[in-house]
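Hi,

Here is the structure I promised to pass on to you. Have a look at it first, and my notes follow right below.

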Protein chains: 2
Amino acid sequence: MGNEWITTEEKKAVYKTIYARRDVRSLFTPEPIPSETLARILSAAHHAGSVGYMQPWNFILVEDKALRRKVKEAFLRERNEAAVLFDDEKRIQYLSFKLEGILEAPTNLIVTSESSRFGPQVIGRRSMPETDIYSTCCAIQNLWLAARAENIGVGWVSILKREELHAIFQIPLPIKIVAYLCLGFVTHFPAVPDLERAGWGKRLPLDQLVFFDAWKGPPSEPRQDLAAFLKNGKSLP
Amino acid sequence: MGNEWITTEEKKAVYKTIYARRDVRSLFTPEPIPSETLARILSAAHHAGSVGYMQPWNFILVEDKALRRKVKEAFLRERNEAAVLFDDEKRIQYLSFKLEGILEAPTNLIVTSESSRFGPQVIGRRSMPETDIYSTCCAIQNLWLAARAENIGVGWVSILKREELHAIFQIPLPIKIVAYLCLGFVTHFPAVPDLERAGWGKRLPLDQLVFFDAWKGPPSEPRQDLAAFLKNGKSLP
């Protein structure tokens with residue numbers, strides 16, 4: 001017995017969701033996320049694959065206001081420290097960006113990874129020990145897409161010192177904090193990523209990122225047509 | 001102007017795809033993947049979010065048979081070295097597992113991450129420098145789900161020494177090899193993950209992996225109902 005095939009209509013829905021996913025920082029509404037919806041999103045994360053089936057992830061739901069204020073303060077300290085590294089023009093732009101929704105989003109979520117779950121002998125982790133963290137990131141992307149499918153925005157806040165999060169949430173040091181996320185319903189999802197709309201960066205041409213049979217290798221004979229397809233931006237079914 | 005809302009039908013399609021995704025090693029058919037389909041899958045990967053919009057990923061398509069034979073040999077050496085770490089009973093089981101489809105899958109794909117893309121000042125990478133690799137893993141999960149939506153199986157081979165892959169594919173050392181994937185159409189997608197069917201592991205109860213406001217924190221007052229929802233296995237809309 002196996003899983004069903006995906007239909008053409010379902011396939012289109014998956015691509016639509018992938019392309020419409022955004023890193024959201026400023027469009028959150030205060031409407032609480034129902035527990036049933038949160039359960040679906042967390043369950044989607046939990047159904048990512050994991051190296052040796054170790055499922056190394058944990059999720060800490062953060063909704064307490066006082067705790068979120070502490071995180072917001074930690075963010076502000078870190079943002080100001082990072083700002084000095086940019087030249088004047090970039091610094092003014094950097095400081096003008098809204099880079100988190102810690103207090104506006106009704107739900108924050110910490111995602112962690114536990115390397116020692118099930119002890120040292122996990123299939124596939126000997127050669128590449130970081131694969132447990134890779135699995136956790138795959139779970140996060142599942143969560144992000146499931147949230148988007150629920151029309152819930154997710155913003156990943158990486159301008160935070162891990163030590164501060166360990167302290168605020170009493171997370172033991174051997175547990176790796178992978179992500180601090182803000183979740184909530186949004187007024188709308190922008191058509192273009194924030195940093196692209198702000199002129200900070202552009203999407204790279206995909207045909208320049210794909211190589212063949214070696215680093216920088218040109219298209220192989222049977223894949224001459226692939227580069228043309230890759231140039232067309234979003235590839236839709 | 002913004003992106004459309006996701007409809008209930010589309011949402012169901014996303015959850016179906018997330019739950020039906022598998023790590024595939026033994027069910028590949030030799031049918032080549034059309035270039036147009038590959039372009040859609042790669043484009044889905046390229047539309048993951050990335051820290052500071054750095055898009056650190058590259059993709060090396062590996063279809064040459066001689067190269068894949070070299071990778072297969074590297075896998076076999078590594079698998080045998082890893083086997084000695086298991087006790088007798090687990091070792092016999094480990095060696096009986098099919099853990100890759102390097103030669104059976106018509107397409108292999110290396111996914112890499114370039115930390116120095118756009119130089120040292122990337123928004124959000126100062127506090128957590130590994131976030132470029134996290135972004136690359138998110139791209140891989142997009143790819144995995146897009147492939148599943150195309151009814152194409154993906155298997156992640158982590159029993160490989162990175163040095164060998166660097167040498168075979170002339171990948172410069174500062175470039176991080178994140179994943180070696182096998183892609184191809186499949187006879188079917190199993191209902192249950194391979195390692196669960198083989199009795200190696202079980203899916204953990206999700207309600208034990210979710211904490212509230214602190215590591216190991218019990219459900220907050222407004223989230224008393226969440227634990228019950230989490231216990232029900234797959235949470236479907």
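In this predicted model, five strands make up an open sheet, and the order across it is β4(A)-β5(A)-β3(A)-β2(A)-β7(B), with mixed pairing. Its edges are β4 (152-156) of chain A and β7 of chain B, each of which pairs on one side only. From one strand to the next, the twist averages 25°.

Let me take the pairings inside that sheet one by one. Strand β3 (residues 107-114) of chain A runs antiparallel to strand β5 (residues 175-185) of chain A, and 8 bridges connect the two. If you want a pair to click on, A:Glu114 has A:Ile175 as its bridge partner in β5(A). The link to the other chain is made by strand β2 (residues 57-62) of chain A and strand β7 (residues 210-212) of chain B, which are parallel and joined by 3 bridges. There, A:Leu61 is partnered by B:Phe212 in β7(B).

A pairing between the chains also involves β7 of chain A. Strand β7 (residues 210-212) of chain A pairs with β2(B) in the parallel sense, again through bridges, 3 in number. B:Trp57 finds its bridge partner in B:Ser113 of β3(B).

How many residues of β2(B) are buried? The count is 6 of the 6 residues in strand β2 (residues 57-62) of chain B, so the strand is largely enclosed by the rest of the structure. Both of its faces are covered: one side holds B:Trp57, B:Phe59 and B:Leu61, the other B:Asn58, B:Ile60 and B:Val62, and all of these are buried.

Now to the contact between the chains. Chain A contributes 103 residues to it, and chain B contributes 103 residues. On the side of chain A that touches chain B, the largest share comes from α5(A), with 11 residues. Sorted by class, that side of chain A has 60 nonpolar, 23 polar and 20 charged residues.

After α5(A) comes A:Asn151, which has a positive phi, near 60°.

In chain B, the helix α5 packs against α2. Two packed helices are described by the angle between their axes and the distance between the axes. For helix α2 (residues 35-46) of chain B and helix α5 (residues 131-149) of chain B, the axes come within 7 Å and cross at roughly 145°. The crossing of α2(B) and α5(B) is right-handed. From α2(B), the contact is made by B:Arg40, B:Ile41, B:Ala44, B:Ala45 and B:His46, and from α5(B) by B:Ala139, B:Ile140, B:Asn142, B:Leu143, B:Ala146 and B:Ala147. By class, the residues of this contact are 8 nonpolar, 2 polar and 1 charged.

Helix α1 (residues 8-20) of chain B passes the length check as well: its 13 residues should span 18 Å at 1.5 Å a residue, and its end C-alpha atoms are 18 Å apart, which agrees. The buried residues of α1(B) are B:Lys11, B:Ala13, B:Val14, B:Tyr15, B:Lys16, B:Thr17, B:Ile18 and B:Ala20.

A loop residue is next. B:Gly201 sits in the loop between α7 (194-197) and β7 of chain B. Is B:Gly201 buried or partly exposed? It counts as partly exposed, because it has 17 C-beta neighbours inside 10 Å. Leaving aside residues up to four places away in sequence, B:Gly201 touches A:Tyr53, B:Leu195 and B:Glu196.

Finally, some overall figures for chain A. It has 8 helices and 7 strands, and its C-alpha atoms fill a box of roughly 60 × 50 × 35 Å along the principal axes. Of its 237 residues, 49% count as buried. Among the contacts in chain A with a separation of 6 or more, 82% come from residues 24 or more positions apart.

Best wishes

Notes:
Residues numbered from 1 in each chain as written. Chains lettered and ligands numbered in written order. Predicted model: local features only at pLDDT ≥ 70, side-chain atom pairs only at ≥ 80, totals over all residues. Helix = DSSP H or I, 4+ residues; strand = E, 2+ residues; numbered from the N terminus. Contact = placed C-beta atoms within 7 Å. Nonpolar A, V, L, I, M, F, W, Y, C, P; charged D, E, K, R; others polar. Pairing = 2+ DSSP bridges. Axes fitted to C-alpha atoms, helices over the stretch in contact; angles between N-to-C directions. Left-handed = near helix turned anticlockwise from the far one by under 90°. Expected span 1.5 Å × (residues − 1). Buried ≥ 20, exposed ≤ 12 C-beta atoms within 10 Å, placed from the backbone.
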